[in-house]
Amino acid sequence: MSKPELFLAYPQLEKTIPFIPMGSYPTTVEKMTKLGEKLGYPSLWVKRDDLSSTKLGGNKVRIMEFLLAAMKASGKTVAISPGALGSNQILASGIYGHDLGFKIVGVFFKQCPTDYMCKHMMIDKTMGVEFNHVNSPYLVPFVILYQFLKNFDWGKMQFPFYIPTFGSSATCALGYFNAMFELKKQIAAGLLPEPDYIFVTAGTGGTMAGIQLGTKVLGMKTKTVGVRITDYVACNERIVASILNRAVKHLRKGGAALPELRFKKSDISMIHEFFGGEYAKITDEALAAKKLVSEIENLTLDTTYTAKTMAAMIKYLKDHDLKDKNILFWHTYNTKDLTRFLDKNLGGKDLPQPFQCYFK
Ligand SMILES: Cc1ncc(COP(=O)(O)O)c(C=O)c1O
C-alpha cells in the first residue's frame, strides 16, 4: 500500500502532509485465545505492529512515515535526535534516515541497561548515526542547542530538523491516527469486533494520542488506555490532550474536514503504576507478563515498553468486570530480527570513548 488510509479519507491532505511509505500494512490482528481463557476474557486481541515493516517492526515505522517525510519536504538533510542509549526512535531514524541519505545526530543519555541496548547502538553506528554522549539528563537541552548551532546550514540558512525524544509530536500522532483507519477496515471486514478498550504503551503519548483521535473521529465506542513507562513530567494526561489538540489543528490546517475537537486532560485514561520509577527499569510485573505471554501466546514482549503495558492490562482486567467486552492490546515493540543490520567488523570499541563502558 503506497497511499495511506488517511489520504483516502481526507484527499486534501495528500497535498499538504508529506508521507513516505515504509511499512507493510495492514498489520494482522490475532485473538489471544489462551491468555483470554486464563483471564476469563473470551474476546482478547492483539494488533501485531511488532511486525509493521519488512525491515523493522514497532510503532516507530508508522511515525517515521510522516516525520521523515516532513524532514524531506523541508529540504533539510541533518536531524538532531535525542534519546536513551537503546532508543527505538534513534534506531528507526538511523535505519530509515540512512535510506533517505539523511545524517542523524544522536544525543544519547543514560538508561537502565536492557538486553537490546548495545545491539541498538551498534546498529545506529552501522547506519552512520553520530554519537554524542550526555552524562546528566539536565544537560540534554544544552547539548541539543549546541548541536543545533553546530549543524546550522549556512548555505540554506537553516537549522537542522528536530526529531523529538520518543518521536512524539502532532506530526507523529498522525502515524497512529492513520493506523485507526486500517483497524476500522479490519473491524468492518469481520476480522475482529470493535474494541471496547485498547491498551497501548505511552512513552510521550504520541501513539496513544493518534489512536484516541482515531476512535473519536471514526465514531468508535473504544476507550484508549495508555500505560505510562516514562517519568510523569514526560508523559501525562495533560501532555496527551495537548498532542491531540495540536494534531487536530495540524490536520484542519492541512485541509481535513474535521470538527474543531478539543481534548482535556480528563478525557485521557492513563495507568501510572507500572512505570517502575525509572525509564527501562526491569520490574517483576513486567518480567512475569513477558514470560506468561511468551509461554502461552508465543508473543515476544520487551521489558521497557510492552511487558509493562501487558502487566497493567492484565491487572486492569482482573480488577474490573469487563469479561463481556472486546479488549485489544496494541503491540508496539519490534520483534523482527535485526542482526542483518549489524556490521560484524564493528564493536563497542568503535564507538566514542564515553560509550565503550556499556559494552563491558
Ligand atoms: C516500543 C515502543 N512502544 C511504545 C512507545 C511509546 O510511544 P509514544 O512516545 O508515542 O508514547 C515507544 C516510544 O519510544 C516505543 O519505543
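In the predicted model, helix H10 (residues 237–253) comprises 17 residues and spans 24 Å from its first C-alpha to its last, close to the 24 Å expected at 1.5 Å a residue. Buried positions in H10 are Glu 237, Ile 239, Val 240, Ala 241, Ile 243, Leu 244, Ala 247, Val 248 and Leu 251. An α-helix has 3.6 residues a turn, so residues three or four places apart point the same way. The cover over the buried residues of H10 includes H8, strand S7 (197–202), helix H9 (206–217), strand S8 (223–228) and strand S9 (269–271). Beyond its neighbours within four places in sequence, Val 240 contacts Ala 202, Gly 205, Met 208, Ala 209, Gly 226 and Ile 268. Just after H10, Gly 255 adopts a positive phi of about 105°.

The largest nonpolar core contains 101 residues, of which Ala 79, Ala 173, Phe 199, Val 240, Leu 244, Ala 247 and Met 310 touch the most other members. Helix H8 (residues 170–188) supplies the largest share of this core, 9 residues. At least three core residues come from each of domain 1 (5–59 + 170–331) and domain 2 (60–167).

Strands S7, S8 and S9 also belong to an open sheet of 6 strands, ordered S1-S2-S10-S7-S8-S9 with mixed pairing. Strand S1 (29–31) and S9 form the edges, each pairing on one side only. On average, neighbouring strands of this sheet are turned by 30° against each other, direction ignored. S1 and strand S2 (residues 44–48) run antiparallel and are joined by 3 bridges. Val 29 lies opposite Lys 47 in S2.

Terms used:
Residues are numbered from 1 along each chain as its sequence is written. This is a predicted model: local features need pLDDT of at least 70, side-chain atom pairs count only at pLDDT 80 or more; totals for chains, interfaces and linings use all residues. A nonpolar core is a set of buried Ala, Val, Leu, Ile, Met, Phe, Trp, Tyr and Cys residues joined through C-beta atoms within 7 Å. A residue is buried if 20 or more other C-beta atoms lie within 10 Å of its own, exposed if 12 or fewer, and partly exposed in between; C-beta atoms are placed from the backbone. Helices (H or I, at least four residues) and strands (E, at least two) are DSSP runs, numbered from the N terminus. Domain bounds come from an automatic or database domain assignment. Two residues are in contact if their C-beta atoms, placed from the backbone, lie within 7 Å. The expected span of a helix is 1.5 Å times one less than its number of residues. Two strands pair if DSSP finds at least two bridges between them. Axes are lines fitted to C-alpha atoms, for helices over the stretch in contact, and angles run from 0 to 180 degrees between N-to-C directions.
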